[in-house]
Amino acid sequence: MLLRAGLIAAVLGATPAGATGLLDHYTVSYAKPIDTQEASAVAYDWDTRRLMVTNDEEDKTGRSVWGEYDLAGNKTATIILNGCLSLGSAQCDPEGLAYVGGGRYAVAEERYQDMALIAEVSASGDTRTYTAYPDAPTVSVGPNAGNSGLEGIAYDRATGAYYGVKETSPQTVWQITDVDFTGGTGTVSSLFDPAPLGLNRLSDIAVLSNGALAGTAFGDNLLLLSGRSFQLLEVTKAGALVSSYDLSGFKSLVDPANQGGKFEGVTLDDGGNIYLVSDDGDGPNQSYLVKLGYTAAVPEPATWAMMIAGFALVGGALRRRRPAALA
């Protein structure tokens, strides 16, 4: 009985990490300049433990040159995607990125509002070439929206669902399910109206259900990034605000010339650490990679199992007591 009581007390006294909101538990680990200019998205590869950073501009030959970085912010490879000019007069605009496993990435093209599936096709030294844009299978998320369209995407590896944000006109948060890149199909639905959050444009979205945060009190929530508002928000899938992180302290770093430098992409690693990338705006700014380190302890699987077992004991004890109370 004493052992059982002690276990129940321990379980009832255990507060899941993030009870006050996920974003209350972060501090700045580093802010490093990177040579991927116009950095527009970042994605965490849980197989290689690397970060892929996109560049939303192309050179005169139609190449889009990206960068791969380790979790300490050091560049590990140059990534080439060809065929950008083949998409039309507006070229391509890879504003969102999500790793989907097996060395594959889903890229969000802003103007055409397509998701394209790419993977490595060749390598030479520390330069790797990925699927050319015209060869990549795609799934449409919405109609042509110009420079106010699909700005960020995220992938939930537990369910296979994707989430996307439309930058503005209007701001939109999508859930994309039943995605079939081979057949070019998917089911797109509006998840909630982000307008009440008061953000000045949406820049990216991230899920909290991947990695160590899965199963925690906030594991079903989402992160929304607004570069223009210098805000990172934790929200429920119904759109309710849970917590926020003010990024305005970075403005003098990412936009010292006041030429529009801002955060454009966000992702999380397996340990719940957050990574953000900023573009260089319209002036002589520098792109940055920023890591926000998660400072709260994430319960180990054994701890969660003990908690669940403890709650079962509590429920069993209450059920056994009820007839005696009625008597």
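Me: Which residues line the second largest cavity?

Reply: A cavity is a set of points, on a 1 Å grid over the protein atoms alone, where a 1.4 Å probe fits but cannot get out; lining residues have an atom within 4 Å of a point. In this predicted model, local features need pLDDT of at least 70, side-chain atom pairs count only at pLDDT 80 or more, and totals for linings use all residues. Residues are numbered from 1 along each chain, and side-chain values use heavy atoms, without hydrogens or water. The second largest cavity is lined by Glu-151, Glu-167, Arg-201, Leu-202, Ser-203, Arg-228, Lys-262 and Glu-264.

Me: How much space lies in the second largest cavity?

Reply: A volume is the space filled by probe spheres set on the points, which are joined across faces, edges and corners. For the second largest cavity this is about 30 Å³.

Me: What is the volume of the largest cavity, and which residues are closest to its centre?

Reply: The volume is about 230 Å³. Of the 21 lining residues, Tyr-155, Val-207, Asn-210, Thr-267 and Leu-268 are closest to the centre.

Me: How many residues has the largest nonpolar core?

Reply: In soluble globular proteins, nonpolar side chains tend to be buried together. A nonpolar core is a set of buried (under 20% relative accessible area, 1.4 Å probe, protein chains only) Ala, Val, Leu, Ile, Met, Phe, Trp, Tyr and Cys residues joined through side-chain atoms within 4.5 Å. The largest here has 46 residues. A second, separate core of 25 residues includes Leu-22, Leu-223, Phe-230 and Tyr-294.

Technical notes
1 Å grid on protein atoms, 1.4 Å probe; cavity = no way out; pocket = protein on both sides within 12 Å on 5 of 7 lines; lining within 4 Å. Buried < 20%, exposed > 50% of the residue type's maximum accessible area, 1.4 Å probe, protein only.
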